[in-house]
Amino acid sequence: VTANELVLGEGDKVLRGFGSVALTGINAIIGDGHGSLNAGTAIVTLTTPVLTGRNAGNQSVITTGALTLASTGGASTLAAAASLGTIISLSGGSLTVGGRIDALGGGVNLTATNGDVKIIDGAVIDVGGLAVQFYDITEHADAGRIAVTALGGGVRLDGGAVLNLKAAAGGGNAGTLSAVATGGGVTLDGTIDAHAANGKGGSFVLDIVALPDFAGFSQRLEN
């Protein structure tokens, strides 16, 4: 399925009997309303400049097969601010994220139920805070949460990938990053920005079987 803007709307949607499913949003794939898309056991590929939401949408894409978010390589005309409060959840047997996800002040949940979660070079996940103007008053929405869970595998953030959990420049708090890996390690080689100039800095939650180099991992987070 290909559309200029591919909208995942209200309600639970089910695809059955397909070996593979390819969904392409030329300008964006947008979650609008509360719902899910369950593709059964299919291999699912989402291709778009940005996976995002509007009206504080809460959408899930689910398969027990491999799930990939890929970039078209172009730019979307949608403003990231429209994604405020969005929650995007991707769950596959294995999960590869190579595109952009915008969910400012919201949440992004990345889950592999039987393998690795890979956030590869070029990926950008943005749940940062936002300054919102109400006439002559500016309010600051806190940054959101990124949760990465690999059941039976590991978590890998490549050097060219970016996780943005920083607060808005004028105020608000930074967000939370959590990483769970029950069958492998957690490698964070990319850029993780969770600072706050005028609020609380970000927090990090780690749940793995073993951490052989605590000092090195701690230094990586500090940097």
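I start with a word I need below: Ala, Val, Leu, Ile, Met, Phe, Trp, Tyr, Cys and Pro count as nonpolar, Asp, Glu, Lys and Arg as charged, and the others, Gly among them, as polar.

**Entry 1, ground rules.** I am looking at a predicted model, where local features need pLDDT of at least 70, side-chain atom pairs count only at pLDDT 80 or more, and totals for chains, interfaces and linings use all residues. Residues are numbered from 1 along each chain as its sequence is written, and side-chain values use heavy atoms, with hydrogens and water left out.

**Entry 2, cavities.** How many cavities of 30 Å³ or more are there? I found two. A cavity is a set of points, on a 1 Å grid over the protein atoms alone, where a 1.4 Å probe fits but cannot get out; lining residues have an atom within 4 Å of a point. Points are joined across faces, edges and corners, and the volume is the space filled by probe spheres set on them.

**Entry 4, the second largest cavity.** This one has about 30 Å³. Around it I listed Leu8, Leu51, Gln59, Ser60, Val61, Ile88, Ser89 and Leu90. Which strand supplies the largest share of this lining? It is S5, with four residues. Strand S5 spans 51-62, and strand S7 (87-92) also supplies at least two. Here I get five nonpolar, three polar and no charged residues.

How values were computed. On a 1 Å grid over the protein atoms alone, a cavity is a set of points where a 1.4 Å probe fits but cannot get out, and a pocket is an open set with protein on both sides within 12 Å along at least five of seven lines; lining residues have an atom within 4 Å of a point.
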